Amino acid sequence: MDASTLIPAQADLPALKSAADRCTACELHGPATQTVFGSGNPTAKVLLVGEQPGDVEDQRGVPFVGPAGKLLQRAVGEAGFGQGAVYVTNAVKHFRFELRGKRRIHQTPQPEHIHACNPWVAAEIAAVKPQIVVCLGATAVKALLGSKYRVTKDRGSLMPYAGPGAEPSMQALITIHPSAILRMPDDARDQGYADLVADLAVVAKAVA
């Protein structure tokens, strides 16, 4: 099952968000606090897609507001984007976690979760009509570009985008998810962050 039957026809972002709030296309809606839909500039030239909401995002209902989100916001600014220049969302709209005591530990979404949520991402891309879709990390790459691409070998270069919600002129770029930088050893983190900024700068220059 996927969310395709839940998508309102010719819907704008507020209508899509309202519909997504009631999504039960996969089992993740049960333990999660709420659907976490995308946010940002509704006419952005750049749309960034991450993996899934984390614990903070699940509680607040907004994507990229936890530690990884703050790092991404800083990188977006340093890459040359103006305030409010982008739209951000996730490939999966509900937080997948394992409960350990009182802690909710992140679990990577499975292919069935990506498949179930794909219509939402397609609808967001179709509504925003960005020039460039940025895939942040492996889950977003799988969801939007397929299994033949890898973050490590394909990052940092613009390519044609033919994934969900695509229009003929759209492009895509692959880069690392900011949460992966936070998991790096201390001596590698600065370089990991610099590489993320460099990848995003390619996008900023292309849409300038």
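Leu145 touches Cys135, Ala140, Met159, Tyr161, Ala172 and Ile174, leaving aside residues up to four places away in sequence; contact here means heavy atoms within 4.5 Å. This is a predicted model, in which local features need pLDDT of at least 70 and side-chain atom pairs count only at pLDDT 80 or more, while totals for chains, interfaces and linings use all residues. Residues are numbered from 1 along each chain as its sequence is written, and side-chain values use heavy atoms, with hydrogens and water left out.

Leu145 belongs to the largest nonpolar core, which has 38 residues. Such a core is a set of buried Ala, Val, Leu, Ile, Met, Phe, Trp, Tyr and Cys residues joined through side-chain atoms within 4.5 Å, where buried means under 20% relative accessible area with a 1.4 Å probe, counting protein chains only. Val49, Trp120, Ile125, Leu144, Leu145 and Tyr161 touch the most other members. The elements giving two or more residues to this core are α1 (13–20), β2, α4, β6, α5 (138–144) and β8. Helices (H or I, at least four residues) and strands (E, at least two) are DSSP runs, numbered from the N terminus. The largest share of the core, eight residues, comes from α4. A second, separate core of 25 residues includes Leu48, Phe64, Leu200 and Val207.

Helix α4 covers residues 111–128. Of its 18 residues, 13 are buried, so α4 is largely enclosed by the rest of the structure. The helix reaches 25 Å from its first C-alpha to its last, close to the expected 26 Å, a span taken as 1.5 Å times one less than the number of residues. At Cys117, shortly before Pro119, α4 has a kink of about 40 degrees; this bend is the angle between axes fitted to the seven residues ending there and the seven starting there.

The open sheet has six strands in the order β1-β3-β2-β6-β8-β7, with mixed pairing; two strands pair if DSSP finds at least two bridges between them. β1 (39–40) and β7 (159–160) stand at the edges with a single partner strand each, so one side of each is left without a neighbour in the sheet. β2 (46–50) and β6 (132–136) pair in the parallel sense over four bridges, and Leu48 has Val134 as its bridge partner in β6.

Elsewhere, β4 (97–100) and β5 (103–106) pair in the antiparallel sense over four bridges. In their hairpin, which has two residues between the strands, Gly101 takes a positive phi near 65 degrees.

Key. Buried means under 20% relative accessible area, exposed over 50%, partly exposed in between (1.4 Å probe, protein chains only).
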